[in-house]
Amino acid sequence: SLGHLTAMIKFILMVNKQGQTRLANYYEFKTIEERTAVESEIIRRCLGRSERLCSFMEYRGIKVVYRRYASLYFIVGCDPEEENELGMLEFIHAFVETLDKYFQNVCELDIMFNIDKAHFILNEMVM
């Protein structure tokens with residue numbers, strides 16, 4: 001278990017290439033309005049970045065680490081003082097591999113139709 005991560009991770013998003021959020025988990029309280037604003041800005045920035053740029057950026061004092069797998073972007077917001085980017089990329093990769101094993105070649109529809117299972121897997125890895 002990677003339980004120590006909850007102190008460092010602010011949120012985890014799974015987003016498709018059209019910018020639609022397919023999974024969102026927040027580890028500190030944000031109102032719906034705050035979540036919507038954060039998601040729209042971060043998603044817009046991640047999707048707009050060239051693939052030649054690194055997968056790290058800063059957003060309002062939060063370190064954002066993201067990685068694209070097929071049609072989905074996995075985005076983690078974390079404490080810039082507490083976590084390193086490569087560790088977060090490794091966590092994203094482990095999460096994707098776990099989803100892949102559970103769903104036998106995971107795709108966006110697997111997440112949409114089994115959102116409870118996806119949240120369960122994510123929470124098991126983070127908590």
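Student: Is Phe 113 buried or exposed?
Tutor: Phe 113 is exposed, because its relative accessible area is 64%. Buried means under 20%, exposed over 50% and partly exposed in between, using a 1.4 Å probe and protein chains only.

Student: Which helix does Phe 113 lie in?
Tutor: Phe 113 lies in helix 3, residues 108-113. Helices (H or I, at least four residues) and strands (E, at least two) are DSSP runs, numbered from the N terminus.

Student: Ok, and what kind of model is this?
Tutor: It's a predicted model, where local features need pLDDT of at least 70 and side-chain atom pairs need 80 or more, while totals for chains, interfaces and linings use all residues. Residues are numbered from 1 along each chain as its sequence is written, and side-chain values use heavy atoms, with hydrogens and water left out.

Student: Let's switch to salt bridges. How many does the structure hold?
Tutor: Six salt bridges. Each one is a side-chain nitrogen of Lys or Arg within 4 Å of a carboxyl oxygen of Asp or Glu.

Student: Which residue does Arg 22 pair with?
Tutor: Arg 22 forms a salt bridge with Glu 108, and their closest N and O atoms are 2.7 Å apart. Arg 22 sits in strand 2 (residues 21-26) and Glu 108 in helix 3, so this pair ties together parts that are 86 residues apart in sequence.

Student: How covered are those two?
Tutor: Arg 22 counts as partly exposed because its relative accessibility is 23%. Glu 108 counts as buried, at 16%.

Student: What does Lys 63 bridge to?
Tutor: To Glu 85, with the closest N and O atoms 3.6 Å apart. That pair links distant parts of the chain: Lys 63 is in strand 4 and Glu 85 is in helix 2 (residues 85-103), 22 residues away. Lys 63 is buried, with a relative accessible area of 7%, whereas Glu 85 is partly exposed at 25%.

Student: And which helix holds both Arg 45 and Glu 41?
Tutor: Both lie in helix 1, four residues apart, about one turn of the helix. Arg 45 counts as partly exposed, with 33% relative accessibility.

Student: Where is Ser 40?
Tutor: Ser 40 is also in helix 1, which covers residues 32-48. Ser 40 is partly exposed at 45%. Gln 20 is 20 residues from Ser 40 in sequence, and their C-alpha atoms are 9.2 Å apart in space.

Student: New topic: strand 4. Is strand 4 mostly covered or mostly open?
Tutor: Strand 4, residues 62-69, is mostly covered, with six of its eight residues buried.

Student: Which way do strand 3 and strand 4 pair?
Tutor: Strand 3 (residues 56-59) and strand 4 are antiparallel, with four bridges. Two strands pair if DSSP finds at least two bridges between them. Tyr 59 stands opposite Ile 62 in strand 4. The two strands form a hairpin with two residues between them, and Arg 60 in that turn has a positive phi of about 45 degrees.

Student: How many bridges join strand 4 to strand 5?
Tutor: Seven, and strand 4 and strand 5 (residues 72-78) run antiparallel. Arg 68 stands opposite Tyr 73 in strand 5.

Student: Which residue in the turn between strand 4 and strand 5 has a positive phi?
Tutor: Ala 70, at about 55 degrees. Strand 4 and strand 5 form a hairpin as well, with two residues between them.
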